[in-house]
Amino acid sequence: MGFGWGALWAGAAALLLPPAAACWGLALLALLAGAAWLACRPLRLWRGPEAVGYVGEAGWSRAQVAGRVRKSRRTGPLPPVYPNGWFRLLDSAQLARGEARSVAALGEQFAVFRDLNGQSYVVDAYCPHLGANLSVGGRVVGSCIECPFHGWLFSGKDGKCTRIPYAEKVPEFAKIKVWPTCEVDGMIFVWYHCDGVSPTWQVPEQEEVVSGAWAFRGITEHFVNAHIEEIPENAADIAHLSFLHGPCIMSGVDLRHTNSKFWKFIRHNWKAEWQPEPEPDTHCSCLIVKHNITVFGTCIPLLDVTVSAKQIGPGLVFLFFKHSFLGEGILIQTVTPVEPLLQHVVHRIYYQRSIPGFIPKFMLWAEKVQFERDIMIWNNKQYLSKPLLVKEDAAIQRHRRWYSQFYSAHSVKFTSQKNGLDW
Ligand SMILES: *[C@@H]1O[C@H](CO)[C@@H](O)[C@H](O)[C@H]1NC(C)=O
Ligand SMILES: *[C@@H]1O[C@H](CO)[C@@H](O)[C@H](O)[C@H]1NC(C)=O
Ligand code: FES
Ligand SMILES: [Fe+2]
């Protein structure tokens with residue numbers, strides 16, 4: 001329980017004291033302080049793999065339906081499941097100096113640790129000696145991590161074993177796998193490439209985020225049961241904007257009700273264009289979205305927003321907001337494959353400090369509502385390698401061609417078989 005809740009409770013309790021002016025004054029002060037603190041706090045929201053996008057039925061809980069849908073999903077030929085590129089593993093704030101944590105993603109088990117100087121490293125979680133899990137009791141020593149089993153010490157820089165407490169000599173081949181990593185914009189990324197190729201591009205720094213000129217205003221986390229490519233492909237799927245995201249956000253996220261008559265008088269209108277970027281940024285693409293809101297067909301000019309979304313590699317998007325008087329900021333989306341058909345999606349918003357926090361928090365919440373509608377589609381859909389497209393859908397095919405650059409000959413494939421799953 002944070003300060004805000006504490007103050008609210010204290011305020012409520014003070015109301016029970018004798019009704020003297022001083023007591024009531026105290027109560028009011030505590031209530032106001034609590035409310036103000038809560039209003040300033042960043043928005044935080046976490047939704048597990050079964051929380052969104054499934055519909056319970058008679059006798060079936062939502063989790064049971066989720067399990068059934070995942071098992072019975074029809075998967076045709078899928079693109080490889082782990083593209084090559086940078087993927088978020090943790091937020092910087094989740095890893096203290098001297099701390100080691102484990103993260104499972106991309107079919108790998110990573111141990112992420114931070115030395116006392118603040119530098120972070122990513123290595124395999126299993127010790128190559130006898131296979132202990134380094135993130136369970138592994139100790140950070142200088143820029144190395146010490147295995148909790150026999151005390152072997154591995155450098156986070158090159159993976160070399162620098163000490164075996166009981167051995168005369170450390171053999172040359174004693175090494176742990178080190179993964180290329182970078183820490184940018186408040187996140188720790190790993191570079192994944194199926195052939196071990198070194199990074200071919202970098203995660204860009206957003207100057208206002210790094211300098212703190214834009215304040216952190218919130219984070220949402222979702223787990224999506226779908227192939228990773230479904231999520232970025234949404235950007236090139238212009239036609240779904242009006243249909244799926246047109247109904248007013250007040251009508252909610254459950255697609256059975258979003259078209260309810262009651263909210264028909266408010267609509268979101270969208271206009272969008274998706275383009276790959278030219279050399280040397282061919283790993284990037286750009287989506288320009290113009291959005292406005294109409295009430296009884298009349299536009300509310302205050303809510304016109306133009307968002308430019310820059311997709312950077314297979315699992316990172318910067319959405320830039322710029323508004324004539326609501327200021328500017330950035331929404332950062334990361335997608336990390338946890339399993340072949342399970343994606344961890346994180347949205348974080350940073351906004352100009354001079355703009356009251358509730359505005360970016362509302363934007364993040366509105367994005368969450370629209371995103372959860374997409375999740376309801378993704379969780380229950382099939383990936384079609386040969387979709388039935390019309391001329392107006394052409395950007396989807398262009399997006400598939402563009403995204404295929406993140407796969408290579410040895411990328412991990414997924415095949416579904418009658419008797420269980422194989423990959
Ligand atoms: C290592 O241990 C941590 C903490 O219990 C756990 O979350 C993680 O999955 C383990 N990693 C492996 C590779 O088993
Ligand atoms: C609102 O958006 C729609 C769709 O992009 C567009 O046709 C319309 O002109 C916009 N209205 C205003 C007032 O900008
Ligand atoms: S298993 Fe890690 S030191 Fe032995
Ligand atoms: Fe969408």
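Predicted model: local features only at pLDDT ≥ 70, side-chain atom pairs only at ≥ 80, totals over all residues.
1. By class, the shell around ligand 2 comprises two nonpolar residues, two polar residues and one charged residue. The surrounding residues are Asn269, Trp270, Lys271, Asn292 and Cys299. The strand β14 contributes the most to this shell, with three residues.

2. A polar atom in the side chain of Asn292 is 2.4 Å from an oxygen atom of ligand 2. On its own, ligand 2 has 360 Å² of accessible area, of which the protein covers 44%.

3. Ligand 1 has a shell made up of Ser102, Gln109, Tyr126, Asn133, Ser135 and Val136. Sorted by class, this shell holds two nonpolar and four polar residues, and no charged residue.

4. Two side chains of that shell may be examined at the level of atoms. In Asn133, a polar side-chain atom lies 2.4 Å from an oxygen atom of ligand 1. In Tyr126, an N or O atom of the side chain is 3.1 Å from an oxygen atom of ligand 1. Taken alone, ligand 1 exposes 360 Å², and the protein buries 54% of that area.

5. Rolling a probe the size of a water molecule over the atoms shows where empty space is left. The largest pocket contains about 1,100 Å³ of space. It is lined by 46 residues, and those closest to its centre are Trp270, Val307, Phe321, Glu367 and Gln370. Trp270 also belongs to the residues that surround ligand 2.

6. Several elements give two or more residues to the lining of the largest pocket: the helices α5 (230–233), α6 (239–245) and α7 (358–380), together with the strands β14 (266–276), β15 (284–295), β17 (305–312), β18 (316–323) and β19 (327–339). The largest share, 10 residues, comes from α7. By class, the lining divides into 33 nonpolar, 11 polar and two charged residues.

7. The second largest pocket has a volume of about 420 Å³. Of its 19 lining residues, Glu230, Glu233, Asp237, Lys381 and Ile396 are the closest to its centre. Two or more residues of the lining are given by each of α5, α6, α7 and α8 (394–403). Here too α7 supplies the largest share, in this case three residues. The lining consists of nine nonpolar, three polar and seven charged residues.

8. Charge pairing is a further topic. Side chains of opposite charge can pair when their charged atoms come close. The structure holds 14 salt bridges. One of them joins Asp91 and Arg348, whose closest N and O atoms are 3.2 Å apart. This pair links distant parts of the chain, with Asp91 in strand β2 (residues 85–91) and Arg348 in strand β20 (residues 342–352), 257 residues apart.

9. Glu279 and Pro280 are joined by a cis peptide bond, with omega at about 0 degrees. Pro280 is placed in the loop between β14 and β15. Asp185 is not a glycine, yet its phi is positive, at about 55 degrees. The loop that holds Asp185 lies between β11 (181–184) and β12 (187–192).

Terms used: Residues numbered from 1 in each chain as written. Chains lettered and ligands numbered in written order. Heavy atoms only, no water. Near = heavy atom within 4 Å. Polar contact = N/O pair within 3.5 Å; in protein donor to acceptor, adjacent residues only side chain to side chain. Areas by Shrake-Rupley, 256 points an atom, 1.4 Å probe, with all protein chains shown as cover. Nonpolar A, V, L, I, M, F, W, Y, C, P; charged D, E, K, R; others polar. 1 Å grid on protein atoms, 1.4 Å probe; cavity = no way out; pocket = protein on both sides within 12 Å on 5 of 7 lines; lining within 4 Å. Points joined across faces, edges and corners; volume = space filled by probe spheres on them. Helix = DSSP H or I, 4+ residues; strand = E, 2+ residues; numbered from the N terminus. Salt bridge = Lys/Arg side-chain N within 4 Å of Asp/Glu carboxyl O.
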